[in-house]
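Me: I have a model open and want to go through it piece by piece. Can we start with the strands?

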Amino acid sequence: MRKTLLGAVALVALALPGSALAQSNNTIKIGILVALEGAFATGGQDGVRNVEMALKQINHTVAGKKIETVVAPTDTKPDTTVRQARKLIEQDKVDIIIGPLSGSEGIAMRDFAKTIPDKVVINGGSGALETTWVDPAPNFYRFNLDGAQWGYGLGNYVVKTKGWKKVATIAADYSFGYTNFMGFAIDYCKSGGDIVQRFWQPLGQSDFGGIIAQLPNDVDAIYLGLGGTDAINFLNQYQQAGEKTRLIGGTIMADQTVLTARGRAKEALKGTPTSGPFASDSTDPAWVSYVKLYQDSFPAAQRLPSPSLFGLGYYVPTIAAIKALEEVGGDLSNGQAKFKAALNKIQLDSPVGKLTLNENRQATGTVFVTEVVDGSDGNMTNKMVAKTENVNQTLGMTPEQYRAIGLPSRDVVDCAKMRGG
Amino acid sequence: MSVADNLQRLTGPYEQRSWLQRIPAAWWAVAVILLFMPVVANDFWLFQVMGWTFILGMIGLSLMFLAGYGGMVSLLQMTVAGVAGYMVAILGPSGANVSLGLAWWVVIPAAFLIAAIFATISGALAVRTDGIYTIMITLAIAAAFFYFTRQNYSIFNGYSGFNLVLPPKLFGVNWRDPMAFYYLSLACATLCYGAVVYISRSPFGLALQGVRDNPRRMAALGFNVTAHRVAAYALASIFASTGGILLVWQNAQIAPGTIGISAAIDVLVVAVVGGLRRPLGPFIGALIYVLLQVFSADILGLFGFSADRFKLIIGIGFLAIVLFSPDGVLALWDRWRARVDARKAAETRGAP
C-alpha cells in the first residue's frame, strides 16, 4: 500500500506544477471536449483537426496572447463528458471549452455550464434541441444549427418540387432521431404533406425485417432518419426485400460515411433528397476556400476527402472564439464579461454562410437541401438543390407557437393540426 | 513495519490488547492522510479523483464481497448500483418530468430496498450456477436491464435518462460541494469497508467462506447453501447501492450509458486489478482506474503523442498489472512483505 500511496503522491506532484505554470497572464487556454471513442470517433478526430487548423491560421496568437489547447477525450456518454469538462476547468484551468460533439452530451454540458459562470462553453457539433431551448445556460453558446433546424426546408422541397404528399417514416428511437424528424415533419406537414405511419427503430439494432414487412405500399416516399451502420443495414435489407419506394433522408442518412461504404446498398439512395448544415458541392467562395484550406493543411492520408459534419462543427466555434477574442483584445477579466458580450452580438461569416445568435445563444443560419447523385469518380455524392437562409431556432414560428408543439418525442408533431394551422 | 506490528504477528491474534491498539501504524497514517487531504488537495482532486475512487471502490467492494468470500463472480453489481441510482432519480426530484419528486427520506430507503429486492431476485436466479455460468447469467441480466432502460420512456426516460439529480441539502450543507462530497463519500466508503471486514469474521461470513470452499460439506453440516448465497447478494447490494446513489449525485445525472456493459466490466476490472482477496483491493483498483482514466490523455501529451490514443495507456496499464500480478496490486504488496519477512527471519536466526 505504501507503494500505491507513493505513486499517488508522485502523480499529484507531477500534475500540480503543470496546471500552475499555465496560469500566466499571457496565455489563453482552450479545452477541446471531443468524442474520441465509440461511434463518432472519426468525426471527433476531424473536429480536433479543424480546431488546430483554425488556430494555425492565426499562428496560435490572438491580440498578443498565446493560445494553448488541451484535448479532453470522451466516449459520448454524458457522465464521461461532465467528468472531462470538470477536469478541463479545475485541473487544466482552461478559459474556454469548445465541445461537446453529440446530443445528450450537449444537454449535460448545458447543466454543467451553469456551475462555471465565469467560463465560456462553445458547442462543437451537438444538435439536441433542448440544449439551447429548455432553460439554457447563459454561458453556453451554439454556433451550429440544432437537429430540428437541420431538417427544415426538406419538407417544403419534397412537397412542392417533388410532389410527394404521403409518406411513412422510419427513424432512430432516440433524441437526435426525434429532433431531426421533428424539423422535417413540421415543415412537411405545413406544406400540405401527410405522414401515414411512423416507425421507430432502437439505435444499433440491425434487424429491420419487421418494419420492412409492415411498410404501407400506397405511399409516395419513405423518410429515413437513420445513420451510420443502421442506415447501411436498412438499405441492404430493403433492397433484398425487393422494395423500390422512393426515399427521403434525414441529415445523417446520406452523409459521406454511408455514401462511401462498400456494397450496393447505397445505390438505393440515388435521387434521395436530404437536408443538413452544408452542401459539399456548394460554390460559395467561403466554402470553397475552407475546403481548400482543409485539404492543404493535412496530407491526404491524415484527413477525410473533405471536411465532415463534425469537423465543420468544431471549426465554426473556433473561428467564432478567435473573432470575439480579437474584438476584446484577449481581455478575459471580470468573468469574461467582454468576451461574452462580443460572442453575443457576433456576425460570423462562416464557410456555410452568415451566422448570428438569438437570445438563447442559438445560431440562426442556412440549411441546405441536397440530392444524392452519381459522382465523377464512381462514388455517389450530394448535389445541392435548394437552400433556406435564416432558419431560426423556432423554425419561423413565434416562441409560443413553437413551445406549444412540445419537445421532440415519438409523436410530438400532429400532422393534421399542423396542416390546418 | 513497526516493532509493535511484528510483535503482534509473533504473539498471534489471541493476545489481550484493546482493538484500538491492534490497528497497525500504517492504517493510522492512511486515516490521517484521508482526513486531512482537503488541506492540500484542490477541488478537482477531492471531488473528481477521490470521490470517484470511493464510489467505484464501493461498487467494486460489493463484487469483492461476492467473489472473494462467496466465490461468485457477478457482473451485476454495476446494475444494482444503477437500480439504486435510477430510483433516486425517478422517485426524487430531477430535471426530467417523469420524476416523482418525493422527499429524500422516502427516496433513499426506497432506493436501497428496491435495489436489494432486485439483487435478491437476480441472485436467486444466478446462485444455482457456477463459475463461467454465473458470469454469463449476471451479464445477461445486466445487458437486459441496460436495454430496458434505454427503450423505456415512461419510467426510465429512455436514452437521455435523468439530468439535474441533486443531493438533498441536509443540515444546510450542499453535499455536492467538493469538500462536503469528499467527506460524505469517504464516510460511506469507510462504513462499507468496516461492514465487509466485520461480516467476513461473523458467523455468516465464515459460513459463506465455507460455502465458497466446499459447498457439499457445508450442506452436509446443515447449512443452507443456496440461502447463504442469496443472502450474500442481498447484503452486497447495500454497498453497491451506496455507491450508485453517490454516483448519481456526483454526476448529477444518470442515463443508460452509466450502467452499460462496459461499465459492468469496468467494475470487474477495478476489483481484479486491486485484488479480490481483501476488501481493500477494490479501493486501490478504483484509484488506479480513476487516475488512468483522468490522466491518460495528458500522459500521452507529455510524450508528444496525439491524445486520441488515450485508451492505449489505460489498456497497457491494466495489462501490465494483471500480467505481473494475477491477484491484483495487493498481492504484489503481500509478496514484497513476505520477502522482507523472510529476510528478517533469516537475519534473526543467523544472529547468535
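Reply: A working rule before the sheet: two strands pair if DSSP finds at least two bridges between them. This is a predicted model, and chain A has an open sheet of six strands in the order β2-β3-β1-β4-β5-β6, with mixed pairing.

Me: Which are the edge strands?

Reply: In chain A they are β2 (61-62) and β6 (140-141), and each of them pairs on one side only.

Me: In what sense do β1 and β3 of chain A pair, parallel or antiparallel?

Reply: Parallel: strand β1 (residues 27-35) and strand β3 (residues 65-74) of chain A are joined by nine bridges. Within that pairing, G31(A) stands opposite V70(A) of β3(A). Further along, L33(A) has A72(A) in β3(A) as its bridge partner.

Me: And what is the sense for β2(A) and β3(A)?

Reply: Antiparallel, over two bridges. V62(A) stands opposite K65(A) in β3(A). β2(A) and β3(A) make a hairpin with two residues between them, and A63(A) in the turn has a positive phi of about 50°.

Me: Why is β3(A) called largely enclosed?

Reply: Seven of the 10 residues of β3(A) are buried, so the rest of the structure largely encloses this strand.

Me: Switching to confidence. What does chain A average?

Reply: The average pLDDT of chain A is 85, and 94% of the residues score at least 70. Over residues 13-23 of chain A, though, the pLDDT is below 50. Beyond near neighbours in sequence, that stretch has 10 contacts in the model.

Me: OK, cysteines. How many disulfides over all chains?

Reply: The count is one. C189(A) and C415(A) form a disulfide, with their sulfur atoms 2.0 Å apart.

Me: Are the two cysteines buried or exposed?

Reply: C189(A) counts as buried at 0% relative accessibility. C415(A) counts as buried too, at 5%.

Me: Last topic, domains. How is chain A divided?

Reply: Domain 1 is 27-145 + 284-361, and domain 2 is 149-276 + 366-420. Taken over C-alpha atoms, the centres of the two domains of chain A are 28 Å apart. Their contact takes 13 residues from domain 1 and 15 residues from domain 2.

Me: What area is buried between them?

Reply: About 1500 Å² is buried between domain 1 and domain 2 of chain A, and carbon and sulfur atoms give 62% of it.

Me: Which residues of domain 1 lose the most area?

Reply: L129(A), W133(A) and L145(A) lose the most to domain 2 of chain A, together 49% of what the domain 1 side buries.

Methods: Residues numbered from 1 in each chain as written. Chains lettered and ligands numbered in written order. Predicted model: local features only at pLDDT ≥ 70, side-chain atom pairs only at ≥ 80, totals over all residues. Heavy atoms only, no water. pLDDT = per-residue confidence, 0-100. Contact = heavy atoms within 4.5 Å. Helix = DSSP H or I, 4+ residues; strand = E, 2+ residues; numbered from the N terminus. Disulfide = S-S within 2.5 Å. Buried < 20%, exposed > 50% of the residue type's maximum accessible area, 1.4 Å probe, protein only. Domains from an automatic or database assignment. Buried area = accessible area lost by both parts, 1.4 Å probe.
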